[in-house]
Amino acid sequence: MPLSAPVTAASVTITLPDGKTMTFPRGVTGAEIAAAIGPGLAKAALILMVDGQEWDLFRPIAHDAKVRIITKRDAESLELIRHDAAHVLAMAVQALYPGTQVTIGPAIEDGFYYDFARAEPFTPEDLPKIEAKMHEIVKADLPTRREVWPRDKAVAHFKSIGEHYKAELIEAIPPGEDVSIYWHGDWHDLCRGPHFASTAKIGDAFKLTKIAGAYWRGDARNAQLQRIYGTAWRDQKELGDYLHRLEEAERRDHRRIGKELELFTFTPDVGAGLPLWMPNGMVIRQELEFLALQEERKEGYVRVATPHIAKETLYQRSGHLPYYADTMYSPLDIDGENYYLRPMNCPHHHMVYSATRHSYREMPMRIAEYAQDYRYEASGGLMGLMRVRGFCMNDAHIYCRFDQAKEEFIKVMRLHARYYDLMAIKEYYMRLSLPDLKKLDKYVDQPEKWLAALKIIREAMVESGYPFVEAEGEAAFYGPKIDFMIKSVIGTEYTISTNQLDFLATQRFGLTYIAEDGTEQPVYVIHRAPLGTHERFTAFLIEHYAGAFPVWLAPLQARIIPISDKVADYAHRVHETLFQVPVFNGTAGLRVDIDLSAERMQKKIRDAQLQKIPYMLVVGEREAAEGKVAVRLRSGKDLGPMPLETFIARIKGEAESRKDRPE
RNA sequence: GCCGGAGUAGCGUAGUGGUAGCGCAACCCCUUGGUAAGGGGUAGGUCGUGAGUUCGAUUCUCACCUCCGGCACCA
């Protein structure tokens with residue numbers, strides 16, 4: 001094709017990203033343009049952007065246009081590869097298992113999936129077979145073709161070939177519209193596109209990863225389909241890197257580390273989702289509680305303690321029962337009355353608040369408790385310490401005047417920030433959780449109160465400068481909130497902390513204060529849990545630190561390693577000295593032990609290393625003679641011998657500052 | 001809760017229709033060693049629980065419990 005064909009009515013002018021223009025006959029395709037630019041590009045081209053719109057390489061261009069050709073080097077290519085891979089997965093499955101219906105199959109983060117309807121379940125043994133078939137299809141280099149059909153023709157067609165889910169999808173498209181059908185060889189599917197010109201362009205860097213159940217259209221009332229997940233990349237190296245990342249993530253999994261470091265355990269004898277904190281894990285809990293106690297004291301909080309159960313009437317009054325009865329443990333019948341294990345602490349705290357009269361002078365009143373709760377979470381949703389049925393929450397309720405709500409909300413945000421800074425937590429985002437206006441039955445219907453509460457939170461967030469995203473349908477029934485969202489190491493998103501504004505409690509519980517003019521005025525309630533629950537927060541910290549906790553959190557802060565039992569006496573003296581060191585910002589003195597086993601020093605070092613103990617204090621005859629300890633970090637770094645006092649100053653400083661020392 | 005997979009010693013694992021091995025950990029002995037695994041030995045399991053099939057079940061079947069991967073849910 002000539003680079004400078006004459007400009008006529010039968011030609012189009014193509015403008016390339018560098019501003020260069022080329023002229024082609026009308027109806028030119030991306031493949032032809034790429035070929036005109038160069039054979040390398042012709043080979044590398046995947047799809048193109050035509051005036052910002054994704055366009056198949058084989059689809060004719062009828063107008064002058066700005067064109068950008070996408071190759072594997074472009075960021076967009078990953079999603080395209082995954083989308084094409086999903087199609088090939090569907091092709092492979094339908095070839096191997098006739099009668100299987102296709103539904104949808106999008107590209108997702110790191111890969112793709114496809115949902116199938118089939119009476120027989122897929123088994124893990126099927127995956128290699130399907131994968132092999134996919135490679136066959138890719139190698140077959142099947143050409144892609146795009147057709148545009150009227151909606152009604154498509155519906156009738158897919159019904160006629162028994163693809164009822166597809167037909168249903170197309171029926172959701174407004175009548176009169178056209179739909180695009182993509183063919184790969186003689187297999188075809190309804191699809192928006194775009195797709196590569198042939199199946200070979202996908203390459204071979206893909207792998208099927210798991211089989212799962214998934215509801216049709218994401219609704220549990222619908223039929224359950226079978227989902228096959230895969231991952232796909234541009235080349236084998238990227239695929240290898242990804243699989244390697246997964247392995248690394250598995251190593252950080254809090255369930256694995258929790259077992260290795262003996263932090264917590266579960267047993268069917270106690271019950272699903274009911275964690276047992278072991279001595280090592282309890283140290284972390286206590287240190288977090290002590291941190292909270294200190295920080296909350298600075299902020300004017302007071303502490304209370306309240307029972308773990310309450311009568312049904314309390315939850316009727318709070319309004320929780322009608323909304324959440326199905327996620328509460330069944331009630332206990334005590335003397336003919338129903339008592340519930342509490343799923344949250346608000347009503348108890350409201351009772352404390354309303355036990356006395358409150359003047360405007362004492363507002364805000366901040367009532368705090370690390371409080372144990374029980375929620376009957378769906379059995380399938382339980383996950384290690386991240387999602388449990390019994391948990392202990394860093395809870396507090398702030399009772400304030402309307403005019404104080406914003407400032408109090410900001411103060412809570414700043415408290416969050418202090419905690420997160422302290423622990424160098426950066427991998428989270430803040431979500432302003434709003435009610436879903438289409439499902440108002442899930443929320444208290446008082447539009448003007450919602451708007452007022454929302455205004456306070458929005459202003460508080462804007463004034464304090466914290467970035468946030470908004471999400472509909474995530475609010476509590478009693479008000480909007482800011483949720484702090486994190487991802488577990490395996491990629492599931494959880495709310496780790498929360499800051500909520502409640503306009504309802506004051507009505508439900510008659511929570512008021514006496515204003516300057518002697519009238520009773522309603523209070524606003526802020527529910528906040530910056531450290532979330534011990535369970536989820538610790539799970540997160542385990543993964544965040546990969547088990548290598550900073551000194552202030554480490555269950556064992558130092559281990560003394562005598563080189564031989566000739567120095568056992570000295571080791572004991574070192575231990576006793578360290579044990580007695582007072583730590584200002586800690587629940588106790590230093591946490592230290594001695595490894596007196598009959599093993600060689602190298603073995604003891606290895607053991608301490610695997611337990612991720614921050615400091616190993618090697619003591620031999622030289623150290624004993626000089627009153628020193630040879631300090632080794634868990635990173636492997638050897639600090640050499642130093643006077644015991646020098647080491648004490650160092651570790652005490654770290655414990656008290658709660659700073660993590662980069663090693 | 002739903003779909004699929006799994007449960008063997010404290011942990012990690014092998015294995016079989018004829019009641020089970022291995023590694024680490026534990027305990028004992030030898031070794032007294034200078035910065036990631038010294039050597040030898042001992043003990044530890046009603047093979048998740050219950051029922052069924054069978055002459056016989058850890059192995060096959062069913063139910064339940066628990067865990068894992070998703071989905072749904074998540075105040």
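By class, nine nonpolar, seven polar and eight charged residues line the second largest pocket of this predicted model (Ala, Val, Leu, Ile, Met, Phe, Trp, Tyr, Cys and Pro count as nonpolar, Asp, Glu, Lys and Arg as charged, and the others, Gly among them, as polar). A pocket here is an open set of points on a 1 Å grid over the protein atoms alone, where a 1.4 Å probe fits, with protein on both sides within 12 Å along at least five of seven lines; lining residues have an atom within 4 Å of a point. Of the 24 lining residues, Asp110, Lys210, Tyr242, Leu246 and Ile490 lie nearest the centre. Helix 7 (236-252) is one of the elements that supply at least two residues, and helix 7 gives the most, with seven (helices, H or I, have at least four residues and strands, E, at least two, as DSSP runs numbered from the N terminus).

Now for the largest pocket. Its lining splits into 21 nonpolar, eleven polar and 14 charged residues. Arg375, Glu377, Lys481, Thr495 and Gln500 sit nearest its centre, and strand 25 gives the most residues, seven.

Residues are numbered from 1 along each chain as its sequence is written, with chains lettered from A and ligands numbered from 1 in the order in which they are written. As the model is predicted, local features need pLDDT of at least 70, side-chain atom pairs count only at pLDDT 80 or more, and totals for chains, interfaces and linings use all residues, while side-chain values use heavy atoms, leaving out hydrogens and water.
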